[in-house]
Amino acid sequence: MQRTRIAHALLASAVLVSLAACTSGADQHKDEALGSKAAVAPAQKKAAVQGLPGMPPVLDPKDVYAADRPNRLSPVVKDFPSRVYVPNTNSNTVTVIDPATYRVIETIPVGTQPQHVVPSWDLKTLWVNNDRGNSLTPIDPKTGKAGKTVDVHDPYNLYFTPNGKYAIVMASLDRELVFRDAHTMKRVKTVPVSCYGVNHADFSLDGRYFIVSCEFSGELLKVDTERMRVIGQQKLPFHGSMPQDVKISPDGKRFYIADMMADGVWILDGDKFTQPSFLPTGKGAHGLYISRDSREMYISNRGEGSISVFDFAQNKLTKKWHLPGGGSPDMGGVSADGKVLWLSGRYNAEVYAIDTASGRELARIKVGSGPHGLAVYPQPGRYSLGHTGIFR
C-alpha cells in the first residue's frame, strides 16, 4: 500500500513538472481553424450512462460536448439572430453587439449590477442576473427585447439542473444555493453553505453532481443534484486562493477550476473529490471555454491580458495569445462556428473578439463600464446548464 502511494505521488509530481515547464509552443504547432477540424471519432460501442432522472441521454460517454459541434444549432434557436450580449456591471445595462460587423446595435437598461447573461435550459430565454438589484431581467433572443423583471434575491450567477427541472441561483452574499422552478423562478429549496462567495459551477457527465467554486474563502463544494445537498467540501491548497470558472473535461473525468490569485487552473477528480493538482497559466486566470471540436480549452488570464490554450489530448498548454496593448479578458464564449472567442474586458470597458485559429485580435469594441459575463447567442447544443453558456 505504501509503495502504491509513493508511486502515485511520483507520477503526480512528474505531471506537474511537465505542465509547469510548458511554453506557448506557438512556433511548434501549426494553427488550424477549429471550426473546420474533424471531430474526434466516437467509439464504436458506447456504454450507456445512467444519467440524472429526466436528463436527456448522454450522446457520447467519451465527450460531454458532443452536441456542441460547429453550427449544430437546435431547431429552437436556429432562426435567432446571432448576437453578443454584454452585461455592464457598473452601467446597469446590457450592450448588444452584431458579431458580423463588430458593431454595437443596442443598449438595454436592466437592474443594478448585472453580472452574467445566462441562456435558459430550454434555450428560449436569456436571463440577466441583476445581483444587487435582486432581480432577473428576461431577454427574448428572437426579438432582442427585454421583458418584465422577476424578483430573485442575490442572483450573482445562475445554473440549471441537467433535467431542466430547477434553476440554481448562486447567491454569493447570502451564502446560499437556491433551487428554483426553472420557468417561474419560484423558490423550491434553499441550501445554506459555510463557504464564502459561491459563484461558478459545472456538472458531472451523468448530471448527478456538480462542483461549485467559493471565491472568497478559496473552497470547492460538491453538490448532489437530485438530493439538493452538499456532499463534499474542501479548501484549496493555496493561501489566498480565489477560484472562479469551472469546466469539466470532454471525457468527464476531471474538472478544471480557474484561480485568479494562484494564477492558474486546479485539476480535480470530481468523483473522488481528492486534493487537486495545479497548472500555472497566467496572472489572474479567470474564464474557461471549450473549443467546438472538444480538443482545446481557452483560459482567460485577466491580470496579464492573455489567453492560454490547453490541449486535452496532450494534457498541457500549447499556446499563449497576448492581447495587443494589453487588456483584462474575463468571461465570454465561443462563436457558433467555433472560429471566434469573445471575452469581456472587465476593467477596460471593452469586448475582445479573438481568432481561435491564430489568436489574433479581430476587434476591440467599446461597451459600458465593468463588462462581465457576456453571452454569445445562439450556440450549438440541446440544452443549457447556465452561466454564459454551458451546453450539452
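## Aromatic pairs

Two rings of Phe, Tyr or Trp (its six-membered ring) are taken as a pair if their centres lie within 6.5 Å, with planes under 30 degrees apart counted as stacked, over 60 as edge-to-face and the rest as tilted. By this criterion, a search of the whole structure finds 12 aromatic pairs.

The model is predicted, with local features needing pLDDT of at least 70 and side-chain atom pairs counting only at pLDDT 80 or more, while totals for chains, interfaces and linings use all residues. Residues are numbered from 1 along each chain as its sequence is written, and side-chain values use heavy atoms, leaving out hydrogens and water.

## Pairs between strands

The ring centres of Tyr166 and Phe179 are 6.2 Å apart and the planes stand at 90 degrees, so this pair is edge-to-face. Because Tyr166 belongs to strand β10 (residues 166-171) and Phe179 to strand β11 (residues 176-181), the pair ties together parts that are 13 residues apart in sequence; strands here are DSSP runs (E, at least two residues), numbered from the N terminus. Tyr166 is buried, at a relative accessible area of 15%, and Phe179 is also buried, at 0%, where buried means under 20% relative accessible area (1.4 Å probe, protein chains only).

Trp266 and Phe278 form a tilted pair, with 4.7 Å from centre to centre and 55 degrees between the planes. Trp266 lies in strand β19 (residues 264-268) and Phe278 in strand β20 (residues 277-280), so this contact links parts 12 residues apart in sequence, and both residues are buried.

## Cluster and charges over rings

Phe80, Tyr377 and Phe391 form one aromatic cluster.

A charge sits over a ring if NZ of Lys or CZ of Arg is within 6 Å of the ring centre and within 35 degrees of the ring normal. Arg175 lies over the face of Tyr196, at 3.9 Å from the ring centre, and Lys222 lies over the face of Tyr209, at 4.4 Å from the ring centre.

Conventions. Helices (H or I, at least four residues) and strands (E, at least two) are DSSP runs, numbered from the N terminus. Buried means under 20% relative accessible area, exposed over 50%, partly exposed in between (1.4 Å probe, protein chains only).
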